[in-house]
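Walk through this predicted model with me. We start at its pocket, move to the cores and end at a helix.

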Amino acid sequence: SGDMILGALADIGLDLDYLRNELKKLDLSCYKLSSRKVNRCGIGGTKVDVLIDAENGKHNACHRTLDTICSLINKSKLSPEVKESSIAVFHRIANAEAKVHRVKPSDIHFHEIGAVDSIIDIVGAVIGFKKLEFSKIYFSSVATGCGYVKCAHGKLPVPAPATAELLKGYVLSKTNIDSELTTPTGAAILTTIGKQIECLPDFRLINIGYGAGYKDFAELPNLLRVFVGNIESEPPDNEQCKQTDEMWMVETNIDDMSGEIFGYVIEKLLDAGAVDAYMTPIQAKKSRPSTLLSAIVPENRLPGVESAIFDQTTTFGIRKYKVHRSKLTC
């Protein structure tokens, strides 16, 4: 989340007085910025809070549009680099929200994301990154949590629709924690300013910071950990041209169907939405020659592919599991 990013930056040495003075350049006066040391599962971290005057802050912020927020930032005395990056984050959020609600980005009313605390989170994070002079920002797979979250639109599944849209193409981490672990604000900051990598590059570790969330989970520390260091070698160039996604692998073993039918079945699976389908010769029970029928399927096309397998083959059961894919885009 945005406040956990601010907490991590404060934990590695961002001066909050400097941050407060920079944020005063925005025409916002209905908040206070505070920090405190906390403990999460035995590990210490910094919790940064944006305390809002409820009457003058969030209530009025519910009516903010993308143009309103961009105007607020552009009219400030912040540096051009901070303005540009902050506005880029808000544009990314607006585009995600617009896709979810099937409207134009200019028609989005930001609700939580347009609230003063999220403006401070986003602009404050950009100010912190610039002040600490990070040349590159990398992030690992993203834990989103599970269950449901309450928001202005009602009760929504986790990850929230806007968060899911912002994280399309990125690798997510599986977790059974029944809570929202990544917010739209946090997802937008990471994916706009940072770059996801599968493993850390070679680097000399200089500093470590922990930004704390407000909840305290029994399963794991609710902390955002930040490593600061000097890179010894860059990640491979093809990382810049690589996109990742998650699919379902659907399989079944068939030993009682004529080989001439398999080509027809493959066509039906592709028509049903599989992105790939193929056959592999295998040995079944009692060493009988058999065929492994496999299909790689997006989640939204899974029911149609399953129906096609049951309708078009002799099998009476399938197995399925999630797989992660990496593909070149350039």
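The largest pocket holds about 1,500 Å³ of space. Its lining counts 45 residues. Tyr138, Phe139, Leu224, Arg225 and Val226 lie nearest the centre of this pocket. By class, 31 of the lining residues are nonpolar, 10 are polar and 4 are charged.

Several elements build that lining. Helices H1 (2-11) and H8 (184-193) each supply at least two residues, as do strands S3 (138-139), S4 (142-143), S9 (203-212) and S10 (223-231). S10 gives the most, with 9 residues.

Now turn to the packing. In soluble globular proteins, nonpolar side chains tend to be buried together. Here, the largest nonpolar core has 48 residues. Leu23, Leu26, Ile120 and Val123 have the most contacts inside this core. Helix H6 (residues 116-131) gives the most to it, with 9 residues. Take Val123 as an example. Leaving aside neighbours within four places in sequence, Val123 is in contact with Leu23, Leu26, Ile73, Leu78, Val82 and Ser86. A second, separate core has 18 residues, including Ile254, Leu269, Val297 and Val305.

Leu269 also leads us to helix H9 (residues 259-271), where Phe262, Val265, Ile266 and Leu269 are buried. Why do they sit on the same side of H9? They cover an arc of only 105 degrees around the axis, which puts them on one side of H9. An α-helix has 3.6 residues a turn, so residues three or four places apart point the same way. The face of H9 turned away from the buried side carries exposed Glu260, Glu267 and Asp271. Gly273 follows H9, and its phi is positive, near 120 degrees.

Key
Residues are numbered from 1 along each chain as its sequence is written. This is a predicted model: local features need pLDDT of at least 70, side-chain atom pairs count only at pLDDT 80 or more; totals for chains, interfaces and linings use all residues. Side-chain values use heavy atoms; hydrogens and water are left out. On a 1 Å grid over the protein atoms alone, a cavity is a set of points where a 1.4 Å probe fits but cannot get out, and a pocket is an open set with protein on both sides within 12 Å along at least five of seven lines; lining residues have an atom within 4 Å of a point. Grid points are joined across faces, edges and corners, and a volume is the space filled by probe spheres set on the points. Helices (H or I, at least four residues) and strands (E, at least two) are DSSP runs, numbered from the N terminus. Ala, Val, Leu, Ile, Met, Phe, Trp, Tyr, Cys and Pro count as nonpolar, Asp, Glu, Lys and Arg as charged, and the others, Gly among them, as polar. A nonpolar core is a set of buried Ala, Val, Leu, Ile, Met, Phe, Trp, Tyr and Cys residues joined through side-chain atoms within 4.5 Å. Buried means under 20% relative accessible area, exposed over 50%, partly exposed in between (1.4 Å probe, protein chains only). Contact means heavy atoms within 4.5 Å. The arc is that of the directions from the helix axis to the C-beta atoms.
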